[in-house]
Amino acid sequence: MFSELPVSDRKTEPVVGGAVTSFRFNLSDHTSYEIIYCAEAVKKGRLKLPAEQQDYFTSADIGGCWDGCAYEAVDTGESELPTYS
């Protein structure tokens, strides 16, 4: 899903109180990879790749993709929550 996303380096203003969705992948080589999505409008937002210190704008509906997934909610500690700055 992420490899085909339309992205650009367009500058946007941060949105207070927006929805944030974090995808954390635990890879077979025991490393992890994280993508943080911060919605700025319907079907628009920022993708942050913390490990690569990259930040992109996308017009893809990441929130809609997430809502369409079947997943189990798992409690986590505050220290494991993503940070978006």
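The residues that line the largest pocket divide into seven nonpolar, three polar and four charged, where Asp, Glu, Lys and Arg count as charged, Ala, Val, Leu, Ile, Met, Phe, Trp, Tyr, Cys and Pro as nonpolar, and the others, Gly among them, as polar. The model is predicted, so that local features need pLDDT of at least 70 and side-chain atom pairs count only at pLDDT 80 or more, while totals for chains, interfaces and linings use all residues. Residues are numbered from 1 along each chain as its sequence is written, and side-chain values use heavy atoms, with hydrogens and water left out.

A search of the whole structure finds two salt bridges, each defined as a side-chain nitrogen of Lys or Arg within 4 Å of a carboxyl oxygen of Asp or Glu.

| Salt bridge | N to O distance |
|---|---|
| Arg-24 and Glu-34 | 3.4 Å |
| Arg-46 and Asp-55 | 3.3 Å |

Arg-24 lies in strand β2 and Glu-34 in strand β3 (residues 32–41), so this pair ties together parts that are ten residues apart in sequence; strands are DSSP runs (E, at least two residues), numbered from the N terminus. Relative accessible area is called buried under 20%, exposed over 50% and partly exposed in between (1.4 Å probe, protein chains only). Arg-24 is partly exposed at 39%, whereas Glu-34 is buried at 18%. In the other pair, Arg-46 is buried at 6% and Asp-55 is partly exposed at 27%.

Thr-58, found in strand β5 (residues 54–58), is buried at 0% relative accessibility, and its side chain reaches the backbone nitrogen of Ala-60 at 3.1 Å.

How values were computed. Helix = DSSP H or I, 4+ residues; strand = E, 2+ residues; numbered from the N terminus. Polar contact = N/O pair within 3.5 Å; in protein donor to acceptor, adjacent residues only side chain to side chain.
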